[in-house]
Amino acid sequence: MSRIQVTWVVKTRNGQVKGPYSTEAILRMIGEGVFSGQEMISKLPDGQWTMISKEPAFYDKLLEALEGVVDVDPKKAQKMEAETVIVQAPKPPPKQQQPPQNQAPTPDSFANIKVDKPKQQIDVYDRPAYVPPASIPIANVSANGKTDSVIELSNLKNMEKGEIAKNLKLPAIILVAVILIGAILLWDSGPADGTKIHLLAPGKSSATLNDQQVKEKLNEALFAMEQDTFESYISAQNKLVTIVEGAPMNIEVRALLCVVYKELWPFAVQDAQDIKTVAGATQATRALNIVSPFGQVCEAVKLMTSGRYKEAKGVVEATLESNEPFSLLPVMYDFKAELLEGEKDLTNAVPYYEKAAQLWEKWLHPQVALGKVLLDQGDFTSASSLLKNVVAKNPKHREGKILLGIIEYRGFKKSDTAYSYLSTALESKGRVSQLVEADGYSVLAEIYVLRGEKRKALDAAQKGFSLNPNNSEIRQLVIRLGGSDKIKGEKGQNNELLYLGDQYVRQGDFLAAQAEFKAAFEVDPKNGTAAMKAAKCLWQLNQSFEAIEWLNKAIKAEPKLVSAYVLQADYMSQRFDFVGALQILTNATRIAPNNYEVLRGLAMLEFRKNNMVGAVNYAMRAVKAYDGDIETFILLSKANGLLARSIMPISKKEIERKENAAKDAIRYATKAVEIDATNPEAQITYAKMLAQTNGVDSGINYLNELIKRFSYTLDYRVALAEVYKSEDRYSQSKEIYEKVVEADPKNKKAWLGLGESEKALGLNDKALKAFLSAAVLDPTDGEALFQAGKLYLETSRFEEAIQQFKRVQRLNPNYPRTYYYIGKAAFSSGDFNMALEASKAEKKINPNVADSYILAAEVYTARRQYAECAAEYSQAMKLRPQGADIYVKSATCYRQSGSIDVAEDMLALASARESGYAEIYREQGAIYEVKGDNRSAAQAYNKYLGLSPNAPDRVEIENKILRLGSN
């Protein structure tokens, strides 16, 4: 390949512009002392002004100049002038009108683009006209932000002699300081030694930038993004952060910064600080406009960088389905393609990459990604054409060159051409994916083998293997060449291990993913993110104990990793360890006092404790901290829905509370769907709230529409079955659950629902089989065994029931109501002592649950200890005051203990709550009998039989009525 001639112009300290000069000419002038290092320099024709000391091409030469001050030779200066090439400066571009803030500057139209549609995917091209981002203009931007229309082509001989002498007589210490500043600026553009970086978060608003300054800096940032290299994204990040600080209301710039964060994420530390940076950018962007597609861009980035690919896919698809055009539409096409590629759906990823590349032609990222996909598909010709175009646009695109070398060798067997690409790319500087770099070294090693250069081949193979130890082909090549496949872990491998783990997560292979994340943590024990990702995978693998332990490691590694605290509390509360979860969240509150994730975690804890009022209060505080969190709105909807169902409308105030809770349930569910219409949990919550407030059929119809729309997910089918089950329509729920487990035999939720439906239909053997199938899927979760125990209890297999409940206790000592059901089974089998001991144990674990007190009361009733029975019922009524049955049972105990007046009061309370409850009048008859009022007793018994004509004790009551009448 021919070397490209680079020319430069130089701006002196007094503002004069000199040149253009070749690189060699400037190097010689630095050596002769003509330039001191304080001048500004820019490439022609479209470069950016920067200090000479910051330009890598001249940095080493300036260091050499530190050895001494060189006296200028005017003859040599004139010779330098003679070597320059005078060219006409480019004309400045015409002045353009400033676009609206939510569109990119200098828009072009792509309305007439025609592309082929994919054969096996939804139509991704029938979209509204799109406003593409701008590219940097050719005009030269001066250091003060203004545009210089013409470059002054002065000769060195016309430079004032006094200025030259002043530059040459600068003290050496000042020149040292200049060079050191240049070195620091170079370091700020990103490390070149492979070390990880921290993402740069915007600080407090600085001096306000005017529209022209924003436009100029935005063009520079876009140009840097379009070059698609690590170094250019670092530059873009710095510029975009400056704009955000100077123009904080520009939502498009914030979205672009999120895109840059995503591209830099593979090279970032990915610790608590970086997670906070991405989350903060997302929160700030969505705070400007909760429904803006720019906010959706940041939301997708946050979800993708946190490994939540399923949710990210929903956000991207919802944005693409919108009819609102916006400048970053090609970014969302690129995201969709990347998500499909991660799922190994390469066929459908291709058209999305193509669309992204067509809508933003100058952004090289989708072109490179498309080239990689075509390479994986074996379409070497198309891949080569694409990547050659990339390298032509950006000769410094190292990844493009490596991929071209791989294609030339593996696709066309052109080892010489491949060697030219690879040797140039692999020897050059620049950060690329270690996996791509490893493949490049692998091919280079194979070329050396063909040439008979075994030593060079082994060296290249070992470099490739150190970059990607998981590549079995490179490992075999190293061994075949006589090398060792034992390498020491290096921190540089950390991000690639995380990358591999993320790929496995996308494919649903959590076993392989957790191994990669654990390896990443072993390489870098301070990377809490790696430990947290390992915990997520272990939880998916139903290894809950180990998942919680790995979250302990994450917190210990990074004490400020708030997400790890919240996740650990979530896992612990799912295992009913409410005390432990509260302690974890309390620790998190000390670190982040008003963090919305922590507040949401507290709300979820109260929700699982069945404290809906507390859940709503914490969730409302979370909304105040951040009103764009969809999970908080979903939780608010669920909590208000359950609160509405629990309130007994016995007074005007309670009626109003119930109505307000029901309205809030549907309102917050609607808000969640507005934020993300593709979020399954949001849609399911909305459907269930519809069923609760507008009738079950409205919820069923809504879920059926979702099933048609999102046929690829089973979540909506499971939700539909749950709605049917909640309405006692067990045959329909059973049919749906059967289809779900047939499609996904590992769906534990569906197996449990199927078992419950079959139990309700009297299919006890099938129900037991379903519960045990769920238990096999998750041996650490006691829910399936608990349901099996309840089935044994209901079928009078009391010993087997007790054994199942004890197994649940061994799995999870905090699992609720196990002692209660052991007591129920013991009571039914006649073992009153075991039943009473079990009720006492349940009270210690769950002192605020009425069931254990009711069980104890039943035991005392059977023992004819009526005073104790009445006391237990009194305690139960304080915890569960709304049911009429408990008052009737309490009245029975008070009557049999001789407290007739109290018994009558209990019946009055029962009648006030449910006057049609038949048992009230049975007990009322018994009280009248004790008082000797036979006529009233007979009337009460007749009313009992009228309300319950099929009462099991009908014959006994009829005999009583006859006896009372005869008396």
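**Figure 1. Polar contact between the side chains of aspartate 953 and tyrosine 944 in the predicted model.** The two side chains approach to 2.8 Å; a polar contact is a pair of N or O atoms within 3.5 Å, of which, within protein, one must be able to donate a hydrogen and the other to accept it, and residues adjacent in sequence count only if both atoms are side-chain atoms. Aspartate 953 is located in the loop between helix 46 (934-947) and helix 47 (954-966). Helices (H or I, at least four residues) and strands (E, at least two) are DSSP runs numbered from the N terminus. With a relative accessible area of 13%, aspartate 953 is buried (buried: under 20% relative accessible area; exposed: over 50%; partly exposed: in between; 1.4 Å probe, protein chains only). Leaving aside residues up to four places away in sequence, aspartate 953 touches Arg922 and Tyr944 (contact: heavy atoms within 4.5 Å).

**Figure 2. Packing of helix 29 against helix 30.** The axes of helix 29 (residues 630-646) and helix 30 (residues 652-675) come within 7 Å and cross at roughly 155°. Axes are lines fitted to C-alpha atoms, for helices over the stretch in contact, and angles run from 0 to 180 degrees between N-to-C directions. The pair is therefore roughly antiparallel (over 145 degrees; roughly parallel is under 35, roughly perpendicular 65 to 115, and the rest oblique). The crossing is left-handed, meaning that the near helix is turned anticlockwise from the far one by less than a right angle. Residues making the contact include Phe633, Ile634 and Leu636 of helix 29 and Ala661, Ala665 and Tyr668 of helix 30. By class, the contact residues are 13 nonpolar, three polar and five charged (nonpolar: Ala, Val, Leu, Ile, Met, Phe, Trp, Tyr, Cys and Pro; charged: Asp, Glu, Lys and Arg; polar: the others, Gly among them).

**Figure 3. Packing of helix 23 against helix 25.** Helix 23 (residues 528-540) and helix 25 (residues 562-574) have axes that come within 11 Å and cross at roughly 20°. These helices are therefore roughly parallel to each other, and helix 23 passes helix 25 in a left-handed crossing. Met532, Ala535, Lys536 and Trp539 of helix 23 meet Ser563, Ala564, Leu567, Tyr571 and Gln574 of helix 25. Six of these residues are nonpolar, two polar and one charged.

**Notes to all views.** Residues are numbered from 1 along each chain as its sequence is written, and side-chain values use heavy atoms, with hydrogens and water left out. In this predicted model, local features need pLDDT of at least 70 and side-chain atom pairs count only at pLDDT 80 or more, whereas totals for chains, interfaces and linings use all residues.
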